[in-house]
Amino acid sequence: PADQRCFPETGFCIAGRIRTFWEQNGGLPVFGYPVGPQREEVIEGRALQVQWFERNRLELHPGNAPPYDVLLGRLGVDRLVQQGRDWQALPTSAPEPGCRFFAETGHNVCGAILALWRANGLEFDGRPGKSEAESLALFGLPLSGPQVETLSDGREYTVQWFERARFELHPENAPPYNVLLGLLGNEFQQDRR
């Protein structure tokens, strides 16, 4: 299509509503590069047009009014399930000073992870900055507290899982790159094969 944007880094393009959504809601830092073409997949029992990205899966839901006609995959949940981990069994905590506590899941979000969480979100209120509702719409609720895990590069990082993302602390990087979003789209696709 004429409205497509292609990425030589992966050889895939984005177009139409997925391109618009990608560009308006964080682009490369939030979603990463496309790692496959737009195609039909069955998600939770429904046939949908989806496109996979390094960090997430965008799903077209044409029956929903914009901006909800494009939804994000729950890859934080899906990846934990794929690993055989029950996020509901992870230890919870009490509210901590200087953190945002989510009673729904019993987890705090603090420090640099909270700063990145608050700085990004799905734009749907038309006001400058990101509201908590917009951040929640992009990343979802926290599913864990910060914990040390060995990631696919074989190194240990402090990570925190969310419904739609995994935040990773990278102290070797200067801010704002000291907190990165995990490559859940890549990991999920690789382990699905």
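Reader: Which residue just after H3 takes a positive phi?

Author: That's Gly 84, with a phi of about 75 degrees, just after H3. Keep in mind that this is a predicted model.

Reader: Thanks! And which residues of helix H3 are buried?

Author: H3 covers residues 75–82, and its buried residues are Leu 75, Gly 76, Val 77, Arg 79 and Leu 80.

Reader: What covers them?

Author: The cover includes strands E4, E5 (57–60), E10 (156–162) and E11 (165–169), along with H6.

Reader: Is Glu 187 buried or exposed?

Author: Glu 187 is buried, with a relative accessible area of 10%. For Arg 79 the value is 8%, and this residue is buried too.

Reader: Which residues are linked with them in a network of salt bridges?

Author: The network links Arg 79 and Glu 187 with Arg 166, Glu 168 and Asp 191.

Reader: Nice. How many salt bridges does the count come to?

Author: The count comes to 15 salt bridges. One of them joins the side chains of Asp 69 and Arg 17, at 2.8 Å from N to O. Asp 69 lies in the loop between E5 and strand E6 (70–72) while Arg 17 is in helix H1, so this pair ties together parts that are 52 residues apart in sequence.

Reader: How do those two count, buried or partly exposed?

Author: One of each! Asp 69 has 10% relative accessibility and counts as buried, whereas Arg 17, at 26%, counts as partly exposed.

Reader: Let's switch to strands. How do E3 and E4 pair?

Author: Strand E3 (residues 39–43) and E4 pair in the antiparallel sense, over 5 bridges. One example is Val 42, whose bridge partner in E4 is Ala 47. The hairpin of E3 and E4 has 2 residues between the strands, and Glu 44 in this hairpin takes a positive phi near 50 degrees.

Reader: And what about E4 and E5?

Author: Those two pair in the antiparallel sense as well, over 4 bridges, and a hairpin joins them through 4 residues. Here Trp 52 has Arg 57 in E5 as its bridge partner.

Reader: Which side chain does Arg 57 meet in a salt bridge?

Author: Arg 57 meets Glu 59, at 2.8 Å from N to O. Arg 57 counts as buried at 4% relative accessibility, and Glu 59 is buried with a relative accessible area of 7%.

Reader: Okay, aromatics next! How many aromatic pairs are there?

Author: The count comes to 8 aromatic pairs. Among them, Phe 7 and Trp 22 are edge-to-face, 5.4 Å centre to centre with 65 degrees between the planes. Phe 7 lies in strand E1 (residues 5–7) and Trp 22 in helix H1 (residues 16–24), so the pair ties together parts that are 15 residues apart in sequence. Both Phe 7 and Trp 22 are buried.

Reader: What about the Trp 52 you mentioned?

Author: Trp 52 forms a stacked pair with Phe 188, 5.6 Å centre to centre and 10 degrees between the planes. This pair links distant parts of the chain, as Trp 52 is in strand E4 (residues 46–52) and Phe 188 in helix H6 (residues 184–192), 136 residues apart. Trp 52 and Phe 188 are both buried.

Reader: Which residues form an aromatic cluster?

Author: Phe 7, Trp 22 and Tyr 33 form one aromatic cluster.

Reader: Last one: what lies over the face of Phe 102?

Author: Arg 100 does, at 4.0 Å from the ring centre.

How values were computed
Residues numbered from 1 in each chain as written. Predicted model: local features only at pLDDT ≥ 70, side-chain atom pairs only at ≥ 80, totals over all residues. Heavy atoms only, no water. Phe/Tyr/Trp six-rings, centres within 6.5 Å; stacked < 30°, edge-to-face > 60°. Buried < 20%, exposed > 50% of the residue type's maximum accessible area, 1.4 Å probe, protein only. Lys NZ or Arg CZ within 6 Å of the ring centre and 35° of its normal. Contact = heavy atoms within 4.5 Å. Pairing = 2+ DSSP bridges. Salt bridge = Lys/Arg side-chain N within 4 Å of Asp/Glu carboxyl O.
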